[in-house]
Amino acid sequence: MSREAVVSLTRSLVEIPSHDDETAAGDFIARWLREETDATVRRDDAGNVIARRQPAATAATPTLALVGHHDVVPPADEQRDGDGNYHVDHRDGRLYGRGTADMKGALAAALLAFRDAEPAIELVFASFVGEEQGGIGAQSAIDEGFSPDTAVVTEGSTGYSAAGVTDVAIAHKGRRGSTLLASGTAGHASRPDDADNAVYRACDAVDIVRLLDAPETTVLGNKLSGSVAVTEIDGGSAWNVIPDQCTVTIDERTVPGERADLAAAESIAGVEWTVDQDLPPMACEDPAFADRVLAAADAVQPGEPQQVVKPHATDAGWLANAGTDCVVCGAAEPGEAHTATESVSIDVLERCYELYRRIATGEQLE
């Protein structure tokens with residue numbers, strides 16, 4: 001594969017707007033796969049693109065998936081041209097534009113590796129919709145039976161152990177967003193004892209949340225610590241009215257197998273706890289697979305990659321929750337995604353292509 005191939009394909013993907021409608025990007029990916037590979041390609045009802053290639057051997061083999069997503073967050077004004085399309089700049093060895101890092105650059109590398117590999121196992125390519133909306137595409141695919149044995153999710157893992165090094169993330173945190181609703185009895189502020197102040201009840205519940213231990217665990221020798229934080233409080237209607245309702249928003253970063261005991265806040269009279277969003281964490285439970293991906297990463301770069309943990313959720317959490325052993329390995333660096341100056345290193349895209357090709361070919365498989 002030439003350097004120009006990954007640059008050209010990344011450009012083509014990035015230029016397609018996909019923050020509020022992923023259809024055109026999915027059409028492009030499906031068409032490219034049909035024109036460039038011998039894979040069986042399908043679009044599901046959610047808009048996901050899933051392609052499969054079989055090894056030359058006819059015996060049953062494990063399944064490896066290269067997994068990404070083609071939706072992005074809304075672009076900044078400077079990331080769009082006059083026609084509303086996304087703008088891509090190529091300078092200083094990097095591609096700049098919405099989606100270059102998260103994650104159309106790595107998606108291009110995975111597409112090219114999927115095409116060029118001589119698979120020793122059943123090889124799957126999947127590009128999901130709705131990752132930025134909580135993984136709705138991944139959930140839909142799983143509900144319809146998407147269940148590879150192993151997966152390399154091509155979210156960013158570069159620059160965690162050292163600048164410029166593409167590491168292998170063997171775990172990441174999840175996110176549970178929840179709400180405490182404190183209910184009381186309204187009254188006039190001149191007679192506070194005649195009412196039950198919902199704000200006071202909410203504050204008592206917050207005191208319980210503050211004392212909760214954050215969840216933590218260890219995955220393949222790497223410590224992963226979660227967190228619990230109150231992020232919003234909303235209550236009251238006027239300066240002279242005792243409030244009868246108050247809501248508290250909580251952001252919890254979860255770890256595999258552990259959760260904070262937020263239900264303890266319901267020990268306060270009038271307080272109810274509701275989970276609004278629960279993005280699952282991920283932990284690779286196959287150390288041999290994690291080691292093989294690390295060996296491939298080590299073979300394609302001068303630095304010394306490490307097995308690391310990521311601080312935020314990806315579609316790997318949904319896959320791991322459904323039984324797939326996952327790692328996360330991709331070109332994006334911390335702080336690049338979702339910014340007005342989003343960019344990706346072309347050298348690292350080439351590196352990821354070779355890493356994905358090696359894993360797909362089986363050069364690092366037992």
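Figure 1. The C-alpha centres of domain 1 and domain 2 are separated by 36 Å. The model shown here, as in every view below, is predicted. The domain assignment gives domain 1 as residues 3-172 + 281-361 and domain 2 as residues 174-279. Where the two domains meet, 16 residues of domain 1 are in contact with 13 residues of domain 2.

**Figure 2. The interface of domain 1 and domain 2.** The size of an interface is often expressed as the accessible area lost when the parts come together. Between domain 1 and domain 2 the buried area is about 1100 Å², and carbon and sulfur atoms give 72% of it. Pro281, Val309 and Ala313 supply 38% of the area that domain 1 buries against domain 2, more than any other three residues. The count of salt bridges between domain 1 and domain 2 is 0. On the domain 1 side, at least two residues each are supplied by strand S8 (168-172), strand S17 (282-283), helix H6 (287-299) and strand S18 (307-310). S18 gives the most to this side of domain 1, with 4 residues.

Figure 3. Isoleucine 170 is found in strand S8. Is isoleucine 170 buried or exposed? Its relative accessibility is 0%, so isoleucine 170 counts as buried. Leaving out residues up to four places away in sequence, isoleucine 170 touches Val219, Leu220 and Asn222, and also Met282, Ala283, Cys284, Ala290, Gln307, Val308, Val309 and Val327. The C-alpha atom of isoleucine 170 is 20 Å from that of glutamate 354, a residue 184 positions away along the chain.

**Figure 4. Serine 343 and its polar contact with arginine 94.** Serine 343 is found in strand S20, which covers residues 343-345. With a relative accessible area of 3%, serine 343 is buried. The side chains of serine 343 and arginine 94 are joined by a polar contact of 2.9 Å. Apart from neighbours within four places in sequence, the residues in contact with serine 343 are Arg94, Leu95, Tyr96, Thr100, Ala101 and Glu336.

Figure 5. Which cysteine sulfur is closest to that of cysteine 326? It is the sulfur of cysteine 284, at 7.6 Å, which is too far for a bond. For cysteine 329, the closest cysteine sulfur belongs to cysteine 352 and lies 5.8 Å away, again too far for a bond. A disulfide requires the two sulfur atoms to be within 2.5 Å. By this rule the count is 0 disulfides. Cysteine 326 has 0% relative accessibility and counts as buried. Cysteine 329 is also buried, at 0% relative accessibility.

**Figure 6. The salt bridge of glutamate 252 and arginine 176.** A search of the whole structure finds 19 salt bridges. In one of them, glutamate 252 pairs with arginine 176, and the closest N and O atoms are 2.7 Å apart. Glutamate 252 lies in strand S15 (residues 245-254) and arginine 176 in strand S9 (residues 174-183), so the pair ties together parts that are 76 residues apart in sequence. Glutamate 252 is buried at 0% relative accessibility. Arginine 176 is buried too, with a relative accessible area of 7%.

**Figure 7. Salt bridges with partly exposed partners.** Arginine 259 forms a salt bridge with aspartate 278, with 3.1 Å between the closest N and O atoms. Arginine 259 lies in the loop between S15 and strand S16 (271-279), while aspartate 278 lies in strand S16, so this pair ties together parts that are 19 residues apart in sequence. Arginine 259 is partly exposed, with a relative accessible area of 37%, and aspartate 278 is partly exposed at 31%. Salt bridges that share partners also join Arg3, Asp347 and Glu350 into one network. A further salt bridge links arginine 115 and aspartate 116, whose closest N and O atoms are 2.7 Å apart. Arginine 115 counts as partly exposed at 27% relative accessibility, and aspartate 116 is partly exposed with a relative accessible area of 25%.

Notes. Residues numbered from 1 in each chain as written. Predicted model: local features only at pLDDT ≥ 70, side-chain atom pairs only at ≥ 80, totals over all residues. Heavy atoms only, no water. Buried < 20%, exposed > 50% of the residue type's maximum accessible area, 1.4 Å probe, protein only. Domains from an automatic or database assignment. Contact = heavy atoms within 4.5 Å. Buried area = accessible area lost by both parts, 1.4 Å probe. Salt bridge = Lys/Arg side-chain N within 4 Å of Asp/Glu carboxyl O. Polar contact = N/O pair within 3.5 Å; in protein donor to acceptor, adjacent residues only side chain to side chain.
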